[in-house]
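Me: I've got a model on screen and a few things I'd like to go through with you. Could you take my questions one at a time?

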Amino acid sequence: MEEGTMEEKRAEQKEALEVFCEYNGRFVKSVRTIIPELEGDRKDDTDEFLQGIVKGINWEIGILNGTLDFINEKEERVKKEEVNGTILKLSKAIEGKDDREIAECLKEALPMFEALGQAAKDAIA
């Protein structure tokens, strides 16, 4: 690979992670907000809200997949297998449409989403 394209790729990855960091904070807040709704305090827009969170998860995973080598360049900050396992469990809960199960999986996934945000911040620091 040419040196120029390698530099460009790194610049793009860094830029993607900067956007990820901005988004991740709001995303984590949204996840915290929806958990009580799924635990029984449903609102009129809970289903739409959950769809937005699912889109957010997919977006975060997409960015993560494209930047994992950058994030883990100096040290392993993100273990892909752990992320995949958590996402798989969450996906199954969402497919099952059981609010309490989804809430439980989101609670379990929350520290991972926070850690992803921190790993991205550390990688671009």
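Me: Is Lys-79 buried, partly exposed or exposed?

Reply: Bear in mind that this is a predicted model. Lys-79 has a relative accessible area of 35%. Buried would need under 20% and exposed over 50%, so Lys-79 counts as partly exposed.

Me: Which residue does the side chain of Lys-79 meet in a salt bridge?

Reply: The N to O distance for this pair is 3.6 Å, and the cut-off is 4 Å. The partner of Lys-79 is Glu-76.

Me: How many salt bridges does the count come to?

Reply: The rule asks for a side-chain nitrogen of Lys or Arg within 4 Å of a carboxyl oxygen of Asp or Glu. By this rule the count is 10.

Me: Which residues are joined with Arg-42 into one network?

Reply: Arg-42 meets Asp-47 in a salt bridge at 2.8 Å, N to O. Arg-42 also forms a salt bridge with Asp-99, where the closest N and O atoms are 2.5 Å apart. Arg-42 lies in the loop between H1 and helix H2 (46-71) and Asp-99 in helix H4 (residues 99-124), so this pair ties together parts 57 residues apart in sequence. Through shared partners, the residues networked with Arg-42 are Asp-47 and Asp-99.

Me: What is the relative accessibility of Asp-47?

Reply: Asp-47 counts as partly exposed, and that class runs between the 20% and 50% cut-offs. The value for Asp-47 is 47%.

Me: What about cysteines: how many disulfides does the structure hold?

Reply: A disulfide is a covalent bond between the sulfur atoms of two cysteines. Cys-21 is buried at 15% relative accessible area, and Cys-105 is buried too, at 7%. A disulfide needs a pair of cysteine sulfur atoms within 2.5 Å, and the number held here is 0.

Me: One last thing: what charge does the surface patch holding Glu-7 and Glu-12 have?

Reply: Glu-8, Glu-15, Glu-18 and Glu-22 are also in that patch. Of these, Glu-8 is found in helix H1 (residues 3-38). Asp and Glu count as negative, so the charge of the patch is negative.

Conventions. Residues are numbered from 1 along each chain as its sequence is written. This is a predicted model: local features need pLDDT of at least 70, side-chain atom pairs count only at pLDDT 80 or more; totals for chains, interfaces and linings use all residues. Side-chain values use heavy atoms; hydrogens and water are left out. Patches are made of residues with over 30% relative accessible area and no salt bridge: like charges are joined within 9 Å, nonpolar side chains (Val, Leu, Ile, Met, Phe, Trp, Tyr) within 5 Å. Accessible areas come from the Shrake-Rupley method with a 1.4 Å probe; for residues, only the protein chains shown count as cover. The place of a charge is taken as NZ of Lys, CZ of Arg, CG of Asp or CD of Glu. Helices (H or I, at least four residues) and strands (E, at least two) are DSSP runs, numbered from the N terminus. Buried means under 20% relative accessible area, exposed over 50%, partly exposed in between (1.4 Å probe, protein chains only).
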